[in-house]
Amino acid sequence: MCEAIAKGKDWKSGNTQVITINDVTWVYLHNNHIATVTDTYVELFDGGWQSNTTKSRLNAICDTFCIAGEGIFQKNFEWFVHKFVGQAGTSKVFNVEPFVNGYMFA
């Protein structure tokens, strides 16, 4: 999936599909839109299902196209975003924010 996104290629395997048109890539899981990826941002959606599979796909996208350490996690059945906000010496600093559909990493 991530290789197809990086290469701007359409791809489908099992329940996951990647469609690219004019340098904008849409990612679908079970035909539900879960991400939009461009050269300047990654936009995430739960596709109506905050499942482990959705979270896994979104984190694979974040691992490849976002800053190391950014991603989605779950605590007490709620989703949160781990967002890079800066550097403190040699340590990266992250904020934790509630996940909302359309969350953007830029």
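Author: A search of the whole structure finds 0 disulfides, a disulfide being a pair of cysteine sulfur atoms within 2.5 Å. Cys 2 is in none; the nearest cysteine sulfur belongs to Cys 62, 9.4 Å away. Cys 66 is in none either, and there the nearest cysteine sulfur, again from Cys 62, sits 3.9 Å away. Cys 66 is buried at 15% relative accessibility. Cys 2 is buried too, at 16%. (Buried means under 20% relative accessible area, exposed over 50%, and partly exposed in between, with a 1.4 Å probe and protein chains only.)

This is a predicted model: local features need pLDDT of at least 70, side-chain atom pairs count only at pLDDT 80 or more, and totals for chains, interfaces and linings use all residues. Residues are numbered from 1 along each chain as its sequence is written, and side-chain values use heavy atoms, leaving out hydrogens and water.

Now the charged pairs. The count is 2 salt bridges, each a side-chain nitrogen of Lys or Arg within 4 Å of a carboxyl oxygen of Asp or Glu.

Glu 3 pairs with Lys 7, with the closest N and O atoms 2.9 Å apart. Both lie in helix α1 (residues 2–7), 4 residues apart, about one turn of the helix. Helices (H or I, at least four residues) and strands (E, at least two) are DSSP runs, numbered from the N terminus. Glu 3 is exposed at 53%. Lys 7 is exposed at 54%.

Glu 70 pairs with Lys 83, the closest N and O atoms being 3.6 Å apart. Glu 70 lies in the loop between α2 (52–65) and β6 (71–75), and Lys 83 in strand β7 (residues 78–88), so this bridge ties together parts 13 residues apart in sequence. Both Glu 70 and Lys 83 are buried.
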